[in-house]
Amino acid sequence: MAQLSPAAAFRALHQGRTPGDPLILPGPWDAASARVFEEAGFPALATPSAGVAASLGYEDGSTPADEMFAAVTRIVRSVSVPVSADIEGGYGLDPKELVDRLLETGAVGCNLEDSAQGALKDPARHADWLAEVRAEAGDRLFINARVDTYIRGLPELDATIARARAYVAAGADGVYPFAAPAEHLPEIAKAVPIPVNMAVLPDAPGPRRLGELGAGRITFGPGLQIRATNALRDIARQVREL
């Protein structure tokens with residue numbers, strides 16, 4: 001039997017999952033954290049742009065494209081499991097250059113969000129752009145289309161579903177209604193035929209419950225990097241007190 005390509009293996013991890021058993025993708029922010037997650041037994045990883053930005057000394061959304069791609073390359077190189085990369089809104093690159101640069105990192109997937117400078121993009125134009133990315137990538141990348149309605153002033157279920165369906169039609173492999181309330185998740189999951197990504201956020205249900213509600217994939221945003229930083233802060237305080 002022919003061995004699956006890394007992208008195909010990553011895509012297969014999303015399929016056939018039962019309610020309550022979503023794919024859990026920890027978010028490494030550097031090579032060291034990626035190795036820790038791999039050693040813990042996770043089958044794949046998904047970088048958070050905010051966590052990577054923090055590790056590089058930038059505010060979320062301010063990381064230069066070259067530095068983000070370089071960081072993703074280091075993370076991919078450090079582990080043997082598939083890695084998906086959060087590349088925000090694509091850094092203004094045209095679809096061909098974006099896909100080429102992402103594939104050069106060794107990543108097998110990406111998050112692409114539908115807002116810029118704090119405002120939602122036109123959904124039809126964004127869907128057209130996603131379709132171009134899909135055409136350039138072929139089956140070499142798992143495209144996770146982030147829907148930012150809940151954080152950009154349009155926290156409406158109908159608007160979220162309309163965008164999600166448009167991105168499915170454009171060829172997205174997954175949709176990511178960032179910060180969607182748990183009570184909206186069943187309707188979103190019912191409305192699209194591809195996995196729904198949900199993030200574990202403060203005061204939100206845990207991964208198992210999100211899976212029961214319809215999530216097929218769980219990520220953590222910068223949450224794990226923040227927890228690690230807080231732990232390091234406690235260690236630093238203890239060392240200082242010594």
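1. Let's start with β4 and β7: these strands pair in the parallel sense over 5 bridges. Strands here are DSSP runs of E with at least two residues, helices are runs of H or I with at least four residues, and both are numbered from the N terminus. Two strands pair if DSSP finds at least two bridges between them. In this pairing, Leu 112 stands opposite Ala 145 in β7.

2. A word on what you're looking at. This is a predicted model, where local features need pLDDT of at least 70 and side-chain atom pairs count only at pLDDT 80 or more, while totals for chains, interfaces and linings use all residues. Residues are numbered from 1 along each chain as its sequence is written, and side-chain values use heavy atoms, leaving out hydrogens and water.

3. Now look at β4 (residues 109-113) by itself: 5 of its 5 residues are buried. Buried means under 20% relative accessible area, exposed over 50%, and partly exposed in between (1.4 Å probe, protein chains only). One side carries Gly 109, Asn 111 and Glu 113, the other Cys 110 and Leu 112, and both faces are covered.

4. β4 has a pairing with β3 too, parallel over 3 bridges. There, Asp 86 stands opposite Asn 111 in β4. Together, β3, α5 and β4 make a right-handed β-α-β unit. Right-handed means that, with the strands pointing away from the viewer, the path from the first strand over the helix to the second runs clockwise.

5. Follow β7 onward and you'll find β8, paired with β7 in the parallel sense over 4 bridges. Ala 145 turns up here as well, opposite Val 175 in β8. The chain gets from β7 to β8 through helix α7 (residues 157-169), in a right-handed β-α-β crossover. In β8 (residues 174-177), Gly 174 and Tyr 176 point one way, Val 175 and Pro 177 point the other way, and all are buried.

6. Next, helix α1 (residues 6-13), whose buried residues are Ala 7, Phe 10 and Arg 11. They sit on the same side of α1 because they cover an arc of only 100° around the axis; the arc is that of the directions from the helix axis to the C-beta atoms. Their cover includes β3 (83-86), α6 (123-137), β7 (142-147) and β10 (217-219).

7. Last stop: Pro 207, in helix α9 (residues 207-213). Is Pro 207 buried or partly exposed? Partly exposed, because its relative accessibility is 25%. Leaving aside neighbours within four places in sequence, Pro 207 is in contact (heavy atoms within 4.5 Å) with Pro 22, Ile 24, Val 200 and Ile 218.
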